[in-house]
Amino acid sequence: MPGTYIPSEYLPVLIFLMVSVTLGFALLLISSGILGLKRAYSEKFTPYESGVPPVGEPRYRFSVRFYIIAMLFVIFDIEAVYLYPWAIVFDKIGLYAFIEMVIFIVILLVGFIYVWKKEGFKWD
Amino acid sequence: MNLQFPDLTPVMPELFMTALALILLCTELLVKKKGILAALSILGVVVVAYTLIGSSGTTFGGMFVSDGYSTFFKVIFFVNAILSVLISIKYIAIERVNFGEYYSLILISTLGMMIMASAADLIVLYLGLELMALSTYVLAGFIRYDIKSNEAALKYFLLGAFSSAFLLYGISMIYGLTGTTDIKSIALYISEKGLTENPALSLSMILFAVAFGFKIAAVPFHMWAPDAYEGAPTSITAFMSVGPKAAGFAVLGRVFMIAFASIKLEWVAVFIPLSILSMAVGNIVAIAQTNIKRMLAYSSIAHAGYALLGIIAANNEGLASMMSYLMIYAFMNIGAFAVVIMLRSEDFKGDSISDYEGLSRAHPLLAALMLIFMFSLTGIPPTAGFMAKLYVFMSAINAGYTWLVVVAVVFAVISAYFYLRIIMYMYMREPKVEVSLSTSPSLGLALGVTTVAVLAIGVFPLYLVELARAAISGF
């Protein structure tokens, strides 16, 4: 029947998923739910059982600079990642792809100059 | 394998627009006077508009198409961009957000709209949509110190991102069904394999309708519009009440008329309640508003409902009437917002409806212009708004939806209440507050252009309608 597409070649994957999920839950339940010891004392209720107890509120404001740096990192990092596949197949795809990449880098460069001039890289 | 050079003529306007936006971004770093940027962007858009001539064709393996349909919409986007820049110059100085990025963001957003109108592939469509939306989110929050502007940007962003998810889900579903994202191939595959009965096709159609419903602010996907329109800078409210809406209609027309052509009856049944609800909620809730930007937001929701009638007609005549509706809407809506902007001065917000009381005494010319725009938005001859409504109603009647047109006319009459209330306030009440106008040559130019356009199209509508019909003929 047209329009009903059953991906039967993926059936092993489905079985694998089902088995692994069942096994995982079963092991968890048996090991900690049935076999495990349950002793409740005050240490058990601290966030880090064998760590340093927290001091003060965990939610406080970070300096906005962290966000700017993180944002810039993501943008330039992700865009630079495009260069790798291009470099690997460079000798196969020819002049057109080279020109495309030059345009891409020029656009990236404009953004870079912009951020630089706007002092996005300055910490203080 | 050596990649071939693609034919770049169809994509010329977009390339020029990209270059223009980047040049503006760099110029912004060098010049102190931001007025130069405004002039440069208007000049640039005119140049880009010139490259539209002779740009027809298909390129990038059929992913990008430049035809009459997309060209007509691009003209709407250019009109929108130029008028928005014109009304911005003085305004953003008053709001103390006179930054150069403003103009490049407007141009990048316009670029996104252009890509949307030309997209012949769902992935390109999504790319354009995100480009348009992301720049508009930033523009909505451009008054950084104003909490309302921040609220507008955040709400617009959250709901816009949500609607993008719907669109992506719809695209993935149709890709799973047909194995292609090319709009023409989708239609071909559906009709060849007889998929019209497939529930997944209907589901993806509904997901598309939801996503585009968000962009055109049709009820029940309108909840972001009043807050976003009220909080955003007024010039950006004007920009985003026309541009993204028109772009939404552009993709709506292309995707539904081509890709979903075989289930026309189903999607018409989806859009009829959307249209009625938009007209009902938009027009009735607008009556209760005290803020003019909010009122115009609800009015823009209602106008989406009227323009949807052209989509519901589901033929070339309907699309042509929808296109001319949007062109006229661009002029009259930006004109109305230009008047709102004129009332904003250093120490006066001027966005409350009561600020218009007795405006005709102190500023008779401005009141007369507002009267024209309000008449046009209501749809009273001889303004363009009447012709816009007339042609969408005609196309709906010819397609056999007479009852729907009756409903639309009833809501148009209801809408007269809140549009004409402004006129009543201006002409029949005593002024309570001293209103000083913030005039500037560019604002005057924008008002002049919009007024002349509204009146000229109202008196000679055939030229525009013939243009729209000619544009649609090769669709």
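Two residues are taken to be in contact if their C-beta atoms, placed from the backbone, lie within 7 Å. The legends below describe a predicted model, which scores ipTM 0.76 and pTM 0.89.

**View 1. The contact between chain A and chain B.** Twelve residues from chain A and 13 residues from chain B take part in this contact. On the side of chain A that touches chain B, eight of the residues are nonpolar, two are polar and two are charged.

**View 2. The two domains of chain A.** Chain A is divided into domain 1, which covers 9-35, and domain 2, which covers 64-117. Between the C-alpha centres of domain 1 of chain A and domain 2 of chain A there is a distance of 43 Å.

**View 3. Helices H3 and H13 of chain B.** Chain B has a mean pLDDT of 92, with 99% of its residues at 70 or more. The axes of helix H3 (residues 68-94) of chain B and helix H13 (residues 316-343) of chain B come within 10 Å of each other and cross at roughly 0°, so that H3(B) is roughly parallel to H13(B). H3(B) contributes B:Phe72, B:Ile76, B:Val79, B:Asn80, B:Leu83, B:Ser84, B:Ile87 and B:Tyr91 to the contact, while H13(B) contributes B:Met323, B:Leu326, B:Met327, B:Ala330, B:Ile334, B:Phe337, B:Ala338 and B:Ile341. Sorted by class, this contact of H3(B) with H13(B) holds 14 nonpolar and two polar residues, and no charged residues.

**View 4. Helices H13 and H15 of chain B.** H13(B) also meets helix H15 (residues 364-378) of chain B, where the two axes come within 9 Å and cross at roughly 145°, and this crossing is left-handed. From H13(B) the contact draws on B:Met332, B:Gly335, B:Ala336, B:Val339 and B:Met342, and from H15(B) on B:Leu366, B:Leu369, B:Met370, B:Phe373, B:Ser376 and B:Leu377. Nine residues of the contact of H13(B) with H15(B) are nonpolar and two are polar, with no charged residues.

**View 5. Helices H10 and H12 of chain B.** The axes of helix H10 (residues 234-259) of chain B and helix H12 (residues 292-313) of chain B come within 11 Å and cross at roughly 15°, which means that H10(B) is roughly parallel to H12(B). The crossing in which H10(B) passes H12(B) is right-handed. In H10(B), B:Thr234, B:Thr237, B:Ser241, B:Lys245, B:Phe249, B:Leu252, B:Gly253 and B:Phe256 meet B:Lys293, B:Ser300, B:Ala304, B:Ala307 and B:Ile311 in H12(B). The contact of H10(B) with H12(B) comprises six nonpolar, five polar and two charged residues.

Definitions and conventions:
Residues numbered from 1 in each chain as written. Chains lettered and ligands numbered in written order. Predicted model: local features only at pLDDT ≥ 70, side-chain atom pairs only at ≥ 80, totals over all residues. Nonpolar A, V, L, I, M, F, W, Y, C, P; charged D, E, K, R; others polar. Axes fitted to C-alpha atoms, helices over the stretch in contact; angles between N-to-C directions. Helix = DSSP H or I, 4+ residues; strand = E, 2+ residues; numbered from the N terminus. Parallel < 35°, antiparallel > 145°, perpendicular 65-115°, else oblique. Left-handed = near helix turned anticlockwise from the far one by under 90°. pLDDT = per-residue confidence, 0-100. Domains from an automatic or database assignment.
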